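Dear colleague,

I am handing over the structure below, and I would be glad if you could look through it with the notes that follow.

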Amino acid sequence: MSEKRIAAVVLAAGQGKRMGTDTAKQFLLLDGKPVLYYALNAFEGSEVDTVVLVTGQDEAEYCKKEIVDFYGFKKVKAIVTGGKERYHSVANGLRALKQLPGETGVVMIHDGARPFVTAEMIRELAEETRVHKACVIGTPVKDTIKIADEVGFCAQTPPRNRVWAVQTPQSFEFRLVGDAYEKLMEEEQELIAQGIQITDDAMVVEYMTETRVRLVEGNYTNIKLTTPEDMVIAEAFLQKTKK
């Protein structure tokens, strides 16, 4: 696997309704640059060889001209449009990656609204994926977590040292996650009928294969920008790095 390329699928197709702006969150300016710039820049400066960028239906040309070309991101080899749900967008990205020349060994799937991924996280994930085939980056939770019942009462309190907040990138052997997503697409309607909601890539691998997913400890700064308050925190992180 080590002789094959390392690729990344970066998702920038979300609308970000909770941000409360007309502009999609991945295009909001953070210290004068689009949020999406920071994730792409991290992969550009890492050992990743190829990036597939997944955008909204009407945003591919904007991303190419105003972000990829403008900032000179040479590793972005394809820009494709996403789908209705996040998992549709990932599937589109994986299919586009499969069409590119050469063979992919490891693929990382990352939310473009997480600007603080680092080359060190990417390096560690690549190493772990070569061993375990499926890895997600995350952090042990700081708060006590309660599991609610159907009417809003506490039903369970899991041990805090066993609970993680999962982030992206999530990293996989390419063939493993590609096959898992194709199987998901085939069984999508059945899962919907069962009320199963697919919320991350690890869940796809867990449901569609027998592969266990390895947790890799990352950084609490690797936040996803979802609400206006997150933008304030992100600006503070950036200012701290400049000191």
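Lys133 sits in the loop between helix H4 (119-132) and strand E7 (134-140), where helices (H or I, at least four residues) and strands (E, at least two) are DSSP runs numbered from the N terminus. Its phi is near 75°, a positive value in a residue other than glycine, and with a relative accessibility of 40% Lys133 counts as partly exposed; that term covers the range between buried, under 20% relative accessible area, and exposed, over 50%, for a 1.4 Å probe and protein chains only.

Please keep in mind that this is a predicted model, in which local features need pLDDT of at least 70 and side-chain atom pairs count only at pLDDT 80 or more, while totals for chains, interfaces and linings use all residues. Residues are numbered from 1 along each chain as its sequence is written, and side-chain values use heavy atoms, with hydrogens and water left out.

A positive phi is also found at Asp31, where the value is near 55° in a residue other than glycine. Asp31 belongs to the loop between strand E2 (29-30) and strand E3 (33-34), and Asp31 is partly exposed, with a relative accessible area of 32%. For the backbone, there is also the peptide bond from Thr168 to Pro169, which is cis, with omega near 10°; Pro169 is part of strand E10 (residues 164-173). As background, most residues other than glycine have a negative phi, and most peptide bonds are trans.

Ser46 lies in the loop between helix H1 (35-44) and strand E4 (50-55), and at 12% relative accessibility Ser46 counts as buried. If its neighbours within four places in sequence are left aside, Ser46 is in contact (heavy atoms within 4.5 Å) with Lys75, Ala119 and Ile122.

Finally, the second largest pocket holds about 360 Å³ of space. Of the 20 residues that line this pocket, the closest to its centre are Lys98, Thr104, Phe174, Arg175 and Gly178. A pocket here is an open set of points on a 1 Å grid over the protein atoms alone, where a 1.4 Å probe fits, with protein on both sides within 12 Å along at least five of seven lines, and lining residues have an atom within 4 Å of a point. The volume is the space filled by probe spheres set on the points. Helix H5 gives the most to the lining of the second largest pocket, with six residues.

With best regards
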